[in-house]
Amino acid sequence: MMSIKGIQAQNNPKQGIKSPKTQRTLVLQGGAALGAYETGVYRVLYDLISRHVKEEENIFDIIAGTSIGAINSAILLNHVLERRRKDPTITHKQSWAGSADKLERFWEDTSTQTFAEGAEFENWWNWLSYTRSWLNWINPLSGSLHNSNASLEAARRHYSVKQIKETGATNVFSLSSVDSDTKFFDDMPDNPSWCWPHYSNEPLKNIVKSVTYWNGSGSPIKTKFENGEPRLLVVSIDVEAGATVTFDSYGMIQRDANNKIANNGRGEIEYSYQTEYYDSEGKLIIKYPEGIKAEHVIASASVPINYPYATFIAERENTKKELPRFFWDGQYISSTPLRELINAHQKFWIDRTDSKYLDYKLFLSSNGKHENKVVPDLDVYVANVWPTEENGAPTDHDGQLDRKNDIIFQDKTEYEEKVNNLVSDYFDLTWSLLSMLKKKGITEKELNDIFNKKGVSKSRGGTRRQYKEIINGGFA
């Protein structure tokens, strides 16, 4: 486990803002019912971290989630905001009290009792296991290639899933219809019937939106760093673009015509709540001026094929045309939304920094040292619900299906960490070489010639990055 560091704020008079040295982040993966495991992980982390932080600190500064992880994240953030709304005098740390209990209650409210949980099922399974084992002993050919019987607990899960697929799950989904897929004429009398089950996730939407789990005022989630409020990031997929889309409770910092950070007349930073991403035709913008709603969170958990698309209206930047866009569960691209977290974290802190105080400009005005950091470091905790390794290759159908999902959705943190560490090494090497050049008398013009040179890599908008963009905003 990573070391726990308190968040020590520092004042940078040049930047005119108060920024932390480190921010603590929780990343919650997708995984349907495996989200219950995340609840246990969160309780352990809460109990551990709360013993070390000061009253003016949050347990987590950022919570990023995909799919069920997004739902868990929103419930936690809503709990904190609701406690602060009811009692503005409580400390930041105190506002997190009871958050683990709230998350556990959600999982109790969405649990479904099945026939497999009773004593009759246990008796039936024990009898069937004994009978099958006896028959296999009498005639080995009567068994399959995998004669080992499942445990009682595994059988309970297996048959519970079968029942839930037919009847639905309490406060999660219900079977809405079963249709024939007519594209290939599978509904013809002389063809085998092929049915497509459709489920409604309205029960899940309703419980997430309820007063119990969405803050009592019913308002969307809008938070600000200046108010000491934690940040929520939820990740979904634009189906047509094949790209992840991040909905952010912090919003985007606005600038005026002179590229100065805009304020609302009371000296407060002006934000706009929108997300920007790209497809092959250019930039798309989805605005959510009220903040993150339950609909944005549910979009992150809209399981492909069986659940209906989540839909939002996006604006095409170059034409201003409004387009309906369709969304699926975010875990199919980013089960562990670490990349989205890193991008959002870096962009937020660079955007809120006066352009003359960016890393490379501070370096130009310094004595040859790179001491000023615009972007705080991150302590990241990941609740990993998808095992990377497993002892033995499964031979049964369910086992192979589970293992396939493990491999598809497994935590990519180790890879992401290696890539980011490599980038950090190049970043440090670059600054070391630049510092040496400055000490040896390189001129500011020569340095700017290096900073302004364009590299091969491109931004999300497709333009080639200048070197000064690449080396700005580094963090650990």
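**Exercises on a predicted model**

D47 is placed in helix α1, residues 35-49; helices here are DSSP runs of H or I with at least four residues, strands are runs of E with at least two, and both are numbered from the N terminus. The model is predicted, so local features need pLDDT of at least 70 and side-chain atom pairs count only at pLDDT 80 or more, while totals for chains, interfaces and linings use all residues. Residues are numbered from 1 along each chain as its sequence is written, and side-chain values use heavy atoms, with hydrogens and water left out.

**Exercise 1.** Classify D47, M436 and Q331 by relative accessible area.

Solution. Step one is the scale: buried means under 20% relative accessible area, exposed over 50%, and partly exposed in between, with a 1.4 Å probe and protein chains only. Step two applies the scale. D47 has 34% and is partly exposed. M436, in helix α12 (residues 413-439), has 42% and is partly exposed. Q331, in helix α8 (residues 331-334), has 9% and is therefore buried.

**Exercise 2.** Find the residues that Q331 touches, leaving out those up to four places away in sequence.

Solution. A contact means heavy atoms within 4.5 Å. By that criterion Q331 touches G30, G31, T66, S67, W386 and F409. For the chain, take contacts between residues at least 6 apart in sequence: 69% of them join residues at least 24 apart.

**Exercise 3.** Trace the partners of strand β14 (residues 322-329).

Solution. Two strands pair if DSSP finds at least two bridges between them. Start with β7 (residues 231-238), which pairs with β14 in the antiparallel sense over 3 bridges; D238 stands opposite F327 in β14. Next take β13 (residues 310-316), which is antiparallel to β14 and joined to that strand by 6 bridges. E315 stands opposite E322 in β14. Finally, inspect the hairpin of β13 and β14: 5 residues lie between the strands, and K320 has a positive phi near 65°.

**Exercise 4.** Which residues form a nonpolar patch on the surface with M436?

Solution. Patch members have over 30% relative accessible area and no salt bridge; like charges are joined within 9 Å and nonpolar side chains (Val, Leu, Ile, Met, Phe, Trp, Tyr) within 5 Å. A salt bridge is a side-chain nitrogen of Lys or Arg within 4 Å of a carboxyl oxygen of Asp or Glu. The patch consists of L422, Y426, L429, L433 and M436, with about 500 Å² of accessible area together. Areas follow the Shrake-Rupley method with a 1.4 Å probe; for residues, only the protein chains shown count as cover.
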